[in-house]
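This report covers a chain contact and one residue's surroundings. Please look over the sequence and the structure first.

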Amino acid sequence: MERVRLERKVLSENDRIAAELRARFQEHGILCLNLISSPGSGKTSLLERTLETLPRHDHVAVLTGDIQTENDANRLKRFHFPVKQITTGGTCHLDARMIERHLADWCLEDLDLLLIENVGNLVCPASYDLGEAAKVVVLSITEGEDKPLKYPSIFFKSDLLVLNKIDLLPYVPFDIDAAADNARKVHPGMEIVKVSCLTGNGLQEWMKWLERRRRAHKPLVQETAS
Amino acid sequence: MGIANSVLEAVRTEMGRHPGTYPCKVGVRIGEMAAIDQEALRFCFEAITLETDLGSLELGIEVCPRRHRCQVCGRNFVVRDYDSRCPQCESLETTCISGDELELAYLEVEEYGASTAGAKSTQ
């Protein structure tokens with residue numbers, strides 16, 4: 001019997017493609033965000049609100065993942081930004097190869113911001129790097145404030161927590177401070193914004209965060225380009 | 001299932017480097033923050049190796065705890081119950097240094113004919 005040391009990542013092939021994507025995004029000055037949540041937390045609604053707020057001439061594109069249907073892409077196409085649906089046909093997460101394939105006929109020079117909506121799932125998407133600059137996790141207040149403790153990985157790996165559906169706070173027994181505390185237990189110092197995609201409440205905080213990340217991303221690119 | 005498939009692909013790739021042998025056991029290292037359920041991984045792994053030439057391949061899982069390093073006193077410690085406070089100086093200025101591993105650690109291979117248990121055994 002011989003024991004061979006392997007010492008490499010299980011998802012090294014995915015990570016290799018993700019690293020290539022990240023380098024391409026960097027080269028073209030694109031901020032790429034990977035939005036993750038359970039099904040029904042409001043990722044598509046957050047994207048709708050975002051696209052409707054951004055100026056028409058902005059260089060934004062969206063990739064949206066689901067197991068079946070083009071429903072989300074159809075919802076998002078009415079804002080006249082490039083949108084592509086990725087239907088995984090059963091796979092519960094997006095992987096880097098899917099992103100690479102769906103970007104193939106887009107001209108990356110024309111983009112500044114790429115928003116990826118992952119398949120609704122709080123578990124597996126945490127393991128698959130898509131080449132994004134940051135993960136954003138969306139948690140709706142109907143889901144229970146202990147989700148960060150039950151699904152720590154995604155909260156640990158995300159830069160921002162978007163607490164959505166705060167318009168329902170008067171009607172559901174959800175302790176929003178406990179939710180924030182739980183998220184920061186898993187991820188000390190985690191940034192949190194509280195929004196309602198229905199009423200628009202708090203969305204300016206999300207847009208400010210997005211703008212800050214876009215600005216922070218830009219100079220880096222210009223420095224490396226010069 | 002995707003993870004189990006990736007482990008198996010890695011085993012097949014590695015086996016190309018060890019002619020005349022068959023794989024007995026593959027070891028993976030999983031951090032407690034890696035969002036991988038051990039039982040689900042075992043189940044998927046068994047499902048995709050069953051009745052294949054890798055039917056006898058064993059999966060070894062080593063779970064790695066979340067470890068932090070204190071920025072103030074430099075101590076490394078295991079984080080339990082999400083309490084990331086330094087046990088030595090009580091500082092909250094600590095950073096995560098491990099716990100999200102999803103790595104292939106080792107592969108055990110045996111030469112054909114070296115043992116009575118052949119590669120086709122399903123035990």
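## Basis

Helices here are DSSP runs of H or I with at least four residues, numbered from the N terminus. The model is predicted.

Asn182(A) sits in helix 7 of chain A, which covers residues 176–186. Is Asn182(A) buried or exposed? Asn182(A) is buried, because 23 other C-beta atoms lie within 10 Å and the cut-off for burial is 20 or more.

Which residues does Asn182(A) contact, leaving aside neighbours within four places in sequence? They are Glu145(A), Asp146(A), Pro148(A) and Leu149(A). Phe155(A) is 27 residues from Asn182(A) in sequence. In space, the C-alpha atoms of Asn182(A) and Phe155(A) are 9.5 Å apart.

## The contact between chains A and B

Chain A gives 23 residues to the contact, and chain B gives 25 residues. On the side of chain B that touches chain A, at least two residues come from each of helix 1 (2–15), strand 1 (21–31) and strand 6 (102–111) of chain B. Strand 6 of chain B supplies the largest share, nine residues. By class, this side of chain B has 17 nonpolar, three polar and five charged residues.

## Strand pairing across the chains

Strand 6 of chain B also pairs with a strand of chain A. The partner is strand 1 of chain A, residues 2–9. The two strands run antiparallel and are joined by six bridges. Within this pairing, Glu108(B) in strand 6 of chain B stands opposite Arg3(A).

Definitions and conventions. Residues are numbered from 1 along each chain as its sequence is written. Chains are lettered from A and ligands numbered from 1 in the order in which they are written. This is a predicted model: local features need pLDDT of at least 70, side-chain atom pairs count only at pLDDT 80 or more; totals for chains, interfaces and linings use all residues. Two residues are in contact if their C-beta atoms, placed from the backbone, lie within 7 Å. Ala, Val, Leu, Ile, Met, Phe, Trp, Tyr, Cys and Pro count as nonpolar, Asp, Glu, Lys and Arg as charged, and the others, Gly among them, as polar. Two strands pair if DSSP finds at least two bridges between them. A residue is buried if 20 or more other C-beta atoms lie within 10 Å of its own, exposed if 12 or fewer, and partly exposed in between; C-beta atoms are placed from the backbone.
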